[in-house]
Amino acid sequence: MMASSYNAKEEDGHHSGSSSHGGPGAIKSKKPDNTAFKQQRLPAWQPILTAGTVLPAFFVIGLIFIPIGIGLFVTSNNIKEFEIDYTGVEIDSPCYICAKNFSWNSTTSCVCSVNFTLDQPFESNVYMYYGLSNFYQNHRRYVKSRDDSQLNGVESNLKQPSKECEPYRTSDGLPIAPCGAIANSLFNDTLELFHINQNGTKQRVNVTKKGIAWWTDKHVKFRNPGGSSNLSVAFQGTAKPVNWRKAVYDLDPEDPENNGFINEDFIVWMRTAALPTFRKLYRIIQKKPNSTPTLSSGRYVMEITYNYPVLSFDGRKRMILSTISWMGGKNPFLGIAYITVGSICFFLGVVLLVIHHKYDTRTNSAEIPN
Amino acid sequence: MGVDFSALRTLINRYCAGEENWVDSRTVYIGHKEPPPGADAFIQQRFPDNRVVSSKYTFWNFIPKNMFEQFRRVANFYFLIIFLVQLIIDTPTSPVTSGLPLFFVIIVTAIKQGYEDWLRHKADKAVNQCPVSVIQRGKKIKKESFRITVGDVVFVKEDETFACDLILLSSSRDDGTCFVTTASLDGESSHKTYYAVQDTKAFRTEEEVDSIHATIECEQPQPDLYKFVGRINIYMDNEAVARPLGSENVLLRGATLKNTEFIYAVAIYTGMETKMALNYQSKSQKRSAVEKSMNSYLVVYLCILISKALINTVLKYIWQADPNKDEPWYNERTEAQRQRHILIRAFTDFLAFMVLFNYIIPVSMYVTVEMQKFLGSYFIMWDDDMYDEELGEGAVVNTSDLNEELGQVEYVFTDKTGTLTENNMEFIECCVDGHVYVPDAICNGQVLSGAAAMDMIDTSPGPGGREREELFFRALCLCHTVQVKEEETVDGIKHGIHQGKSASFYISSSPDEVALVEGMKKLGFTYLRLKDGQMEILNREDEIERFELLEVLSFDSVRRRMSVIVRAASGDIFLFCKGADSSILPRVISGKVDEVKARVEHNAVEGLRTLCVAYRPLSPEQHQEVCRLLSGAKLALQDRDKRLSEAYELVEKDLILLGATAVEDRLQEQAADTIESLHKAGMKVWVLTGDKMETAAATCYASRLFRRNTQILELTTKRVEEQNLHDVLFDLSRTVLRHHGSMTRDNCSSLSNDCTDYGLIIDGATLSAVMRPPQEDLNSGSYKEIFLEICRNCSAVLCCRMAPLQKAQIVKMIKASKEHPITLAIGDGANDVSMILEAHVGIGIMGKEGRQAVRNSDYAIPKFKHLKKMLLVHGHYYYIRISELVQYFFYKNVCFIFPQFLYQFFCGFSQQPLYDTAYLTLYNISFTSLPILVYSLMEQHINMDILKKDPSLYKDVAKNSLLRWPTFIYWTVLGVYNAIVMFFGTYFLFDNTTFTSNGQMFGNWTFGTLVFTVLVFTVTFKLVLDTHYWTWINHFVIWGSLVFFVLFSLLWGGIIWPFLNYQRMYYVFMQMLSSGPAWLSIILLITASLLPDVVKKVIWRALWPTITERIQVNAGSFHVLAFLHRFRAMKRFERAPASPCSDSLLDGVALTEA
């Protein structure tokens, strides 16, 4: 049942034609070459894993891992993170009505505002995420439902999207741009953050929407069709995704560098998440030049244009504010894991030390029967 | 196809040709001349032409036939199905992932087979079109070989090869003989004599030959090269004369005419019906134990695969029961998908899961295993230690499938003559009526009887004795089949009679005969030649005596004797017979039996090969009777062998004993050492020989198979005659078992020097009694079991007086015993072929008894001593190597696929692959394939000199110990653990947070790439931990594949690939590497994955070290020294390449000294 036969044998020896093969009588110099390779005597390093050799390695690993773990753990703990669920499941939540009355066909958008308080000021850049739960962006049918060529601005794919986009490929006979389930389900809630001053006035928190997508995605992988001329012309003859309220060339009409396929919110959404509970970068609140914290502690209000239904599949929507260190957001896992593995190594090192001292002498004294 | 047609035709002939007579024989009209009307009415048969088709394919059927052949293999078929499923249904992975490797394998195999077939076509064409002279209407006509038809008379010149199977009609030699070498058929390069029928040998010109009017009746073609039965009817003057034809009249296709100017012969079997073509059939394939374990692992993994797919399918439908999960608004099905029936959907989902997880059974494992075996066999062929200067040959590997089986041998069955011994016979002495003659004691042509020290009765034979003595010498000079070769025409192996500047050589298929004839020469009687049916002998007085050779009753292994009938110049007719004492003595009616018998036994104990010589004077009437008997038997078409042996039985009786001879067969060099090593390695060595008990036992003692303290148990005819078989068997088993009751076996085997071990001697007759199928009565049924029980407890067994088939029977019996031990048979002669084919591993010795054993063996070695390195070093290495290869392959694919399985729980059981297509495809092909291949070719866990020095290490791997279920489960659990660490490590890292310093998020492909990166490194480092022998090749390949993986990932993600319709990997790898925590987690996860294995290794080594591990530790201390030595040797080698030999010697010395 071998897949391939590299068999030297295969009856090639003795048939009438093989006289040229030189019968056994033909005395050629059959003496094998005496090379180190052919005699399997290549010089070689022959390490052996014994308690003695492994011991130091274990201690070294322990000694390196534990400090790294502590460092990671401390860093992670210093990160400030604030998370708020605004889905509107409970009756008393501000977005309950919006969530309840959601309809695809409504022309007016429902707005709700959520109040929250930050106990501690957020220093340096603050990153604003939206989070979705129970949303299977990694479902196979969903992941493949896109046309990367279309998104790269290839004309032919703009008019003839890939079959993978079904059933979000055409709408009323027109090709959808951008096609596919991922694009169709673009997260379209608008989240705006206001700081409530001591005097009760709302002050908008300035956010930037640049730099939320990978640089390579924005500049290479995603491209608008037809150069940088008028986008609405370039997208002529295509339909907007069925669940969108506006066409792709109206995603950010104010900034041509952030419109169409190269809209960063769109690009961020198009990078499908690995797990059903995920967050995506929404806005960045830049650090202020002066020494005041980016977000001072106090009361805030978040105004939400509630466009995105998640209740039907039991999903949740969250808004997260987080500072970032060199190791990213708040995640104690890596620190704990490092400390754990480091400690285990150290412990095993001790155990091996005992074994080494107790048994290795015996091993050495036991003579090999020879 | 020619083969099919001819086979079909044979079948049709067999079943449709009305008369029963035609079923088994065919009639050939010589020169296509109809027999005279008066003769029996023959039915004209159709025969194939002489076209030989050894090719398998034609231009047109190559693709379909080759594809069919390849996909008939289960593995290929499985992968094809997976591929087709991927094409048909909507599957998670692209068909490329399984199609690419599969078609690579298929195409490479097809190209290889196509090339081989093209070579065969070319060879066929060359053969079929080579010109042959055929006699037509009294003229020689050149024909292309394939146009020869049955009945054509063919003219062959010296050194030409016969184009089909022929019956010799006449030759340029007066006596109608010709010499032929069958080197290309069975490898025997000695010249064999073939005979023309007496009635046709006079037809020596084209015209004369054309005038022969005869038909040949012979059996239908059969593959046995040495059997032929036929009859020629010659019509002369309207009178038919029938003559027998035997194998001595048949010239086989492929043989070459030698020493004979020309011959005329008639074609009887042509094309695919020649004996050579019928021998094309390849041997049945042997499978190694490793392959069997591999297949059972495969079944386990197939079950795992199917259950994984089933679990996921079921879970998927449970999960999907909620329509909002099944089809949320953001992820709807197409209309077509919705309309599909639920069962079809479920089935497609099942198949899709199968496809997703199918990598757990990788195509590449088969390729790698085959490559490992194929390439690995070269190291055996290249081995300098197994090269024999004298023969000019090294080891030959006929089957690379069994490399690892060499490391698993438990029973070694060895032939004695030519295998343990040199098969280089030397005449030692002869004994005539109790007077001993030693050839060295010749003075001035006078033979002095036996050296003074001999314990013989009287040293001066009387006048009557003198006569007997000369008769004895003459008998030995006449009773043989030795040929005399002139010096200048001889090629091939020479049995020279160099001394005396004689210009001729004796050549015989039996070295004993040559030794005897040469011995006689030393004693004054020189056999000169056989000319015109006259044997010429130069006697002591330098007179030529002539004897007419009337009959030769040739030797066979059942009768164990041969005879000649000659007529002396005086007109007296004698039958001279020589043979084994057991076959001669019962037929002797007079002579000094007791003296001779005593001497024979004395010699046998010395380890000499003895033969008895007897004669029988025949009166003319008796001779007539004998002739009638023999020719009657020879003419028989059916059961000729049986009738011949019956006739021989009748003829060879009432003998008068003359004396006995003794020939020494020296032990092969290091035979004893080799046997001792095999014993120490825990193998049981059985000697199976046709020789007599005393001789064989002496050889066994000499070769240290039996030691002084070995208690010999005898199960021989003699003993069975005294008691009955039943009692003997029970006695022996009681002896053996009592001993083992008091002492455990392990104890015994490790301290074999202290405790008595048993040796068993059994002879052929008793064995067949033991093996006889159980009879009705209750007691006999269990003989075989009792016998096996006894054998199992004996460290050495000697079976003497064995017929070839019995050898195979013994091997078969041991193979079938309840432990199913791995057997190895080693032998050099045609009589060992059956056991070589029967045993798990068959080894041929390139000896003096022809090449048949070599041809049928799996491995061939020049000398018995090479068996030691073959088993202890190569076998051990290949077993270690392949077991790691197999386990590692399954392990790395568990690591590979299990995360995908886990991922299904987080992606709604949607068959979303975790890794990118390129990674799925290349994981087994390039990222992880080469390191294990190189490991499986280069690994040496222990230095080979230590392996040779300490055979007991072989026990460490006995009984397939590295591929037992616990090991397998350990590897699998390790794989699952690694998969869990890799998957959940990454999962918690990704858990709802970012790990970049710019706040950007990673997607599912980064998740997969991170897992994959950890996977590739972990799996490679696991191999790093297992590698004990780091040559530069290992370093290059291991670090090379890691570098390759990184470079590939950079390239794969670095470009927008224009031919792909997705760009999901674009910059994923680089982005991942730009994140610090990604690096940290890769390091952490690799460490955590490898940790348990390292700990297990270290603790096991410290607490429960195997012998191997102890040796490794001890070797480590002196190894530095050896390495330095070798390094210096290498340096020297660079400087002085002219003397590589001495360097390697120094190498060995350095090691052994250290």
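Ile88(B) counts as exposed because its relative accessibility is 69%, where exposed means over 50%, buried under 20% and partly exposed in between (1.4 Å probe, protein chains only). The model is predicted, so local features need pLDDT of at least 70 and side-chain atom pairs count only at pLDDT 80 or more, while totals for chains, interfaces and linings use all residues. Residues are numbered from 1 along each chain as its sequence is written, and side-chain values use heavy atoms, with hydrogens and water left out.

**Surface of chain B**
- Ile88(B) is part of helix H4 of chain B, residues 74-88; helices are DSSP runs of H or I with at least four residues, numbered from the N terminus.
- Together with Phe77(B), Ile81(B), Leu84(B) and Leu87(B), Ile88(B) forms a nonpolar surface patch with about 480 Å² of accessible area.
- Patch members have over 30% relative accessible area and no salt bridge, and nonpolar side chains are joined within 5 Å.

**Interface with chain A**
- Contact (heavy atoms within 4.5 Å) links 153 residues of chain B with 113 residues of chain A.
- The two chains bury about 12,300 Å² between them, 59% of it on carbon and sulfur atoms; this is the accessible area (1.4 Å probe) lost on being put together, summed over both.
- On the chain B side, Trp329(B), Tyr330(B) and Asn992(B) lose the most area to chain A, together 8% of what that side buries.
- One salt bridge is counted between chain B and chain A, a salt bridge being a side-chain nitrogen of Lys or Arg within 4 Å of a carboxyl oxygen of Asp or Glu.
- Arg41(A) forms a salt bridge with Asp945(B), with 3.2 Å between the closest N and O atoms.

Methods:
Chains are lettered from A and ligands numbered from 1 in the order in which they are written. Patches are made of residues with over 30% relative accessible area and no salt bridge: like charges are joined within 9 Å, nonpolar side chains (Val, Leu, Ile, Met, Phe, Trp, Tyr) within 5 Å. Accessible areas come from the Shrake-Rupley method with a 1.4 Å probe; for residues, only the protein chains shown count as cover. Helices (H or I, at least four residues) and strands (E, at least two) are DSSP runs, numbered from the N terminus.
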